[in-house]
Amino acid sequence: MINIAVMGYGTVGSGVVEVVNTNGARINQRIGDELNIKYVLDLKDFPGDPVQDKIVHDFETIIQDDEIKIVVEVMGGIEPAYTFVKRSLQAGKSVATSNKALVAKHGAELLSIAKEHGINFLFEASVGGGIPIIRPLNSSLTADEIEEITGILNGTTNYMLTKMFYEGADYDTVLKEAQDNGYAERNPEADVEGYDACRKIAILSSLISGQQVDFEDIYCEGITEITVEDMKYAKAMGTTIKLLACCKRYAGNRLHAIVAPCMLYPEHPLYNVNGVFNSIFVHGNVLGDAMFYGSGAGKLPTASAVVADVVDAAKHLNRNIMTMWKQEKLRLENKADSRRRFFVRIRGEERELLEELRQSFGDIEVVRADGLEGEFGFVTPVMMEGEYEIRANLYRDQILHMIRIEEQKG
């Protein structure tokens, strides 16, 4: 029998217990042993819930029990999760977590401790929820140099942008709807400002670079400035707008990473990823293109990924299987040095501004949207972001909004 402890009995924690109870026979078959949830750590009691018999309130109960071989951390946040996970690893217990904040901040250190003790720190559910991406990068794609990962990594914002695009609703309306449907928190800042996606792309960037990438170093722009007018222009251009989290490799081990709304053409593989679904595009120098698609969040999809890590840890109780990244920090490429096209909305009359704009930005393409007066849009040629910012500064009182364009692949 392999005994485990689950720390946290909220949405994901209760999902982990449900997955183990529902699919226990199949899980045991795959492990070749019986998996048993011995403890569930939570501050609260759950009278009437069968889990109450397993509830403990003191972490020391778990850490001092030598029968506990695997600890599941689904508490969220940095503390006390970091302290509990670190002590668990130091005590020789493997850990599976869904905590993206913890992995993004302390992943390198925790992976190193796990390796020292011949155990595992696993975090599949921290990036794609129910979508497998960490395991493929760690085991299936190890013959490749991963040159790009671009993903829709947040279901809340994808749901909101999909509603805005197809229904013409404004930001405030779709945010309230997302909250009413349980897709967005009462305080939606982590989602709508892009912080959630930023932590996830930091983890993926660390994994493919082999060095620590701090999410604070990644340029991050959310969806709060996206308007009904932006969506009208997107439709006129035959594009859609998605919040993308990207990391791209340049010569050697240089990485550029960014989180920002982008316009996508229909040829882009992420164009048709709608609603609460997430998807991750990966390009390897040998493999070429691959896509991972599915439920990026939710109780059972996330719990499924956590339990898959538990199964992996149970099958490798005394062997470390995770690729590490060094604690040495990777210096990301400057955002100003990246090259792309930009869509710009500008206040004024086309006939009065067109020639001047062409002198400033080069051979621009004008975009017009029905029902919008006193403004028009244009698309710049490919240029460096720093170059765009210098030129746009000349029109800072007239530019209404800029959205980056992500070109199709291949």
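K100 is found in helix α5, which spans residues 100-116. The structure you are looking at is a predicted model.

- K100 has a relative accessible area of 26%, and buried means under 20% while exposed means over 50%, so K100 counts as partly exposed.
- Leaving out residues up to four places away in sequence, K100 touches S126, D196, R199, K200 and I203.
- One of these contacts, R199, lies 99 residues from K100 along the chain, yet the C-alpha atoms of K100 and R199 are separated by 6.4 Å.

**The nonpolar cores**
- In soluble globular proteins, nonpolar side chains tend to be buried together.
- Here, the largest nonpolar core has 119 residues, and F121 and I149 are the ones that touch the most other members.
- If you click on I149, look for the residues it touches beyond four places away in sequence: L137, I201, L204, I208, A245, C246, C247, I280, F281 and V282.
- Another core, of 16 residues, lies apart from the largest one, and its members include L354, F378, I399 and M402.

**Helices α2 and α13**
- Helix α2 (residues 24-31) packs against helix α13 (residues 299-315) at an angle of about 35 degrees, and their axes are 9 Å apart.
- The crossing of these two helices is right-handed.
- On the α2 side, I27, R30 and I31 make the contact, while α13 brings V307, V311, A314 and K315.
- Sorted by class, the contact of α2 with α13 holds five nonpolar residues, two charged ones and no polar ones.

Methods. Residues numbered from 1 in each chain as written. Predicted model: local features only at pLDDT ≥ 70, side-chain atom pairs only at ≥ 80, totals over all residues. Heavy atoms only, no water. Axes fitted to C-alpha atoms, helices over the stretch in contact; angles between N-to-C directions. Helix = DSSP H or I, 4+ residues; strand = E, 2+ residues; numbered from the N terminus. Left-handed = near helix turned anticlockwise from the far one by under 90°. Contact = heavy atoms within 4.5 Å. Nonpolar A, V, L, I, M, F, W, Y, C, P; charged D, E, K, R; others polar. Core = buried A, V, L, I, M, F, W, Y, C linked by side-chain atoms within 4.5 Å. Buried < 20%, exposed > 50% of the residue type's maximum accessible area, 1.4 Å probe, protein only.
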